[in-house]
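Subject: Structure handover

Hello,

Here is the structure for you to look over. My notes on what turned up follow below it.

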Amino acid sequence: MKTKRNIKYSRESVSAVLQDIFVVLFSLSVIGYTAFLFFNNLNKTIERTDKVPVASVSYKYKSVQRKFLDRSVWDRPVQYSPVYNGDIIRTAPASEATIYFPDQNVINVGANTMIQIFKQAQKDETDVQIAEGNVSVQTVGSKVAVKADNVSVAVEKDSVLHVQKFESAEKEAGSVLSSPDASAAQAGIAGAGREAERESAPRGENAGGALRLTVEKGAAAMTTVEEGATDARAGRSVARTAVQPTVLSEGDVIQAGNNAAVSMIRPASGARLINQYKHVLPVSFAWSSSFSDDTELVLETSRSRDFAKANRLSVKGLKEVTLEEEAGTVYWRIYAADKGARDASADSGKFTVLDAPPPVLFEPAPDRRFAYKEMIPAVRFLWKGNDVSSSYTIEAADNPDMRNPAVVKQVSGETVTLPNLHEGVWYWRVTPNYITDESLSAKPSEVSAFSIEKQKELPPIKLISPGAIADTAEGKSVAFSWKNVNEAAKYRLVVAKSESMRDAVVERTSDINYYELKNAAKTLPNGTYYWTVEGLDKRGEHLTSSVPSVFRSRDSEVVLRSLFPPDNYVLADTLCLDTRFTWKTNLEGEQRFQVSASNDFSSPVLDVKAQGSGIDGMVLPQGDYFWRVSVKSEFEALETPPKRLTIAPALPPPELVGIGEVVVIHPQKKNTFAWTAVPGADYYQVKITKPGLDSEPLYENLYITDTGVEMALQSIQDGDYIMSVQGFASSTLTSSRRYSYAADKAFMLKHLRPVELVSPVHNARIGGVDAALNPGRLQWSSVEKPVKSRLVLEKAGQRGSVLSVSDPSFSVKLPPLTAGNYRWRVIASTRDGFDISSLQDSGFTVLPIPPLERVAFVFPSDGETLGASFFKSNRSIVFRWKKNGEATHYVIRLYNEKKQKIFESELTDAASSRADGNCAFEFGDLSRLSRGIFYAEVEPERRLKDGLLFQKGIVSSRRFVIELPKAASVETDAPGVLYGK
């Protein structure tokens, strides 16, 4: 059921709403007030009157926190706030601080750093305890003791020490620091250390207890304190033993913890280098290395933290190098090439180059003369300094060598007025003072000279305005002004109708060198007038006066001004013909348009008559010009102020960077093309076309503000292409549109493909002899040279690989191979991590080594019989056979009828060769033969140079018969009875 809404006025409901609004407003007020108090408490700066400051602190970037020794509250000091004995100073990430001491000692505190300062009133030496971070100590007037962990370093006078210390998360800063006041240190730096560990971000790669000491200049003494056992129940240290001090000299580096092998000595990390030169600053890099002299070290410098664009220098055997750097922050790192920048042996840091050119003197102008009659004038000095100097020292002397200056004054600004300089010639210069590095020999300005002369009569007063025409239209005022006279107490202005100044129409006095005549048209109607100024001293007596000057009053406003192009306009030479020069005027008379190479128009390039309010169609060569419009009437000739005009040529062409003859297209990545910046260009146009004048662009981008572009070229086929880049400058209030010459680059596009196995072709059959003696090469190709590759050759049925080569060339020589089936592949990847390994293995077969062809016997023939007649004329048997061209040795064997070997001998090819081209072996041991059947065998062999048997041959065999007559039986006579039996 639908009910009606109660809209009757209720005083109770209105009261409840008002109460809610009041509660909300009150709550918001409480929240705002609480936030205000929190903000003030977070950023408050505490000043003390119960202690004497021992130093002052300044910071750069973000802020610095400070905690007093006897308090637990951190505050944020303002610039150059005092530092008291026992104060703890802490810097935030990307923040830096500098602590200045009265004795000119300076401590530079890097980011993420916490230190504590102790300086007793009765001691000259300052104690600095470092809990964590980077600290540079520069001593001048006294020693400084630096303590970190169990190491104490006494820094001598005129020395520079750099300390880098990083604590692990588990180790509290307070537990490793010793203090002149043990209780104070324990309550101060230890508590601050625990608080810093809770609040600060992770400290980076060096965290873990690393300590590095570097002596850039001078000397220091390092003492290591060996901690004894600690009684946890009693809460006291049992023993502390100090080791004999170690003297450190310039260039020494001490490393503990990570044992870094490369340490930069100078420039120090966070250093601020002052460049007093007009161009770049030579920066000396010096380091200490524990690597061998033949180890390649890499020094990189960059303008960005990530070293995206870095200058890389490889060195061997050097410990120092000088590089030129421009103004700005420079990040550096040095490391061994084989270990990389992220290895623990590397070192890194940054420094800042500050441009600080010598001051430029403005006033007094060189050789200026200050004339006076009775009172010596006060001289105002003005110069242009630099942003780095904290103050300046002005010197004035009576000699150009500035010896024994009469005036030496320190000034905080860039101007000062010096009274009571005596008469004569003065020489002066200004020297900047740098609080960041007081040891730096500041480069003074050039020496300038001026003179103060006493004269009987002062020079005439120089009149400034009005000019030839005084505008009195619409009740305007006319301003009279003139050069100031130092001794004049007041001035008398006289305006008359004649040059004799006898018929004055205006006569006024002024205390300053300026007078404004109100409603001038009433006093000075249209006409010609003369005016002069007289300077009077305190007594009202004449000092000097001006020469009468003439002007013409006019009660109508004069309009004559040039409009376009404006002053300092840059016009492209190709647009000069179409540019219209315009002006505005209400004057009657002849108008002339004038262009000159000089602003005095002494030799005009153009001087043409013009009509109306503009002119065009002018053609001017490239160069700098001045232009104006002149109007000449019966009574006067007026010109517009000259305006500078530059006729500029086309911008220089960009230079394509990193584009080779072949550009590889990755299947899943865009190609990046880059070029150098064209000075003055606002954007670029890029096109890629096929060779030919009428080719349509395959890629076109007509507005690129960066000096590089990424393109997805996967759809473009392989082939030859031309890339064109042209710079353009948009029109502005001070420049016309401009364009550069185009830069063209021809290249070949190739899509990234897997490695191609070229030779031997798949399933090739290789002879066994060739595979053993001339194994050939494995050849492969790739569109893009891989950054990582491996060639593997395997044999079927054999474990392991026959050949495995890392990062091989495109042609790899094979080892001698035996008979069998082989397969090979190439595993490769590109710089971007793409796998371009061969898609499948390629195989080939090595055939077995065939036997040598059998030799053909020449003698004896098969079955030949050697009878008595043969042996009557021969005392040996000469076996002869045809030569085998591939054999290096021959084995001859003789067998009897029972196939029993009775002789074997191995002959070299050279020993068995005969003049007729055959081979022969003479067998002379006939006693081994008898009547019967015999067999002769000859087997060719091929041996390598080392005598190893490489190839056997097929045995050739011959059967021959030795037939000799049987000897008759011998019968003897009966001997009878022998004597003596």
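A cut-off to start with: a residue counts as exposed when its relative accessible area is over 50%, and as buried when that area is under 20%. Anything in between is partly exposed. Please keep in mind that this is a predicted model.

**Salt bridges**

Arg539 has a relative accessibility of 58%, so Arg539 is exposed. Its side chain meets that of Glu541 in a salt bridge, with an N to O distance of 3.7 Å. Glu541 is at 44%, so Glu541 falls in the partly exposed class.

Salt bridges also build a network. Arg893, Lys901, Glu904, Glu937 and Glu939 are joined into one through shared partners.

In general, side chains of opposite charge can pair when their charged atoms come close. The count for this model is 34 salt bridges. Two others deserve a look.

- Arg66 and Asp75 form a salt bridge through their side chains, at 2.8 Å from N to O. Are these two residues buried or exposed? Both Arg66 and Asp75 are buried.
- Glu507 and Arg492 form a salt bridge at 2.9 Å, again N to O. This pair ties together distant parts of the chain, 15 residues apart. Glu507 sits in strand E40 (residues 504–510), and Arg492 sits in strand E39 (residues 490–496). Glu507 has 47% relative accessibility, so Glu507 is partly exposed. Arg492 has 28%, so Arg492 is partly exposed.

**Cysteines**

How many disulfides does the count give? It gives zero. Cys576 is at 1% relative accessibility, so Cys576 is buried. Cys919 has a relative accessible area of 1%, so Cys919 is buried.

E73 runs antiparallel to strand E71 (residues 857–859), and two bridges join them. Here Trp881 in E73 stands opposite Phe857. E73 is also joined to strand E76 (residues 918–923) by six bridges, and this pairing is antiparallel too. Which residue of E76 does Phe879 stand opposite? Phe921.

Four bridges pair E56 with E59. Phe673 has Val709 in E59 as its bridge partner.

Pro679 lies in the loop that runs from strand E56 (671–675) to strand E57 (683–689). Pro679 is at 58% relative accessibility, so Pro679 is exposed. Beyond its neighbours within four places in sequence, Pro679 contacts Leu651 and Pro652. Leu651 is 28 residues away along the chain, and its C-alpha atom is 7.4 Å from that of Pro679.

**A nonpolar patch**

Val17, Leu18, Ile21, Val24, Leu25, Leu28 and Ile31 make a nonpolar surface patch of about 680 Å². Ile31 belongs to helix H1 (residues 11–43). Its relative accessibility is 56%, so Ile31 is exposed.

**The whole chain**

The chain has six helices and 79 strands. Of its 981 residues, 41% count as buried. The accessible surface comes to about 54,500 Å², and carbon and sulfur atoms hold 50% of that. Take the contacts between residues at least 6 apart in sequence: 64% of them join residues at least 24 apart.

Best wishes

Methods
Residues are numbered from 1 along each chain as its sequence is written. This is a predicted model: local features need pLDDT of at least 70, side-chain atom pairs count only at pLDDT 80 or more; totals for chains, interfaces and linings use all residues. Side-chain values use heavy atoms; hydrogens and water are left out. A disulfide is a pair of cysteine sulfur atoms within 2.5 Å. Buried means under 20% relative accessible area, exposed over 50%, partly exposed in between (1.4 Å probe, protein chains only). Contact means heavy atoms within 4.5 Å. A salt bridge is a side-chain nitrogen of Lys or Arg within 4 Å of a carboxyl oxygen of Asp or Glu. Two strands pair if DSSP finds at least two bridges between them. Patches are made of residues with over 30% relative accessible area and no salt bridge: like charges are joined within 9 Å, nonpolar side chains (Val, Leu, Ile, Met, Phe, Trp, Tyr) within 5 Å. Accessible areas come from the Shrake-Rupley method with a 1.4 Å probe; for residues, only the protein chains shown count as cover.
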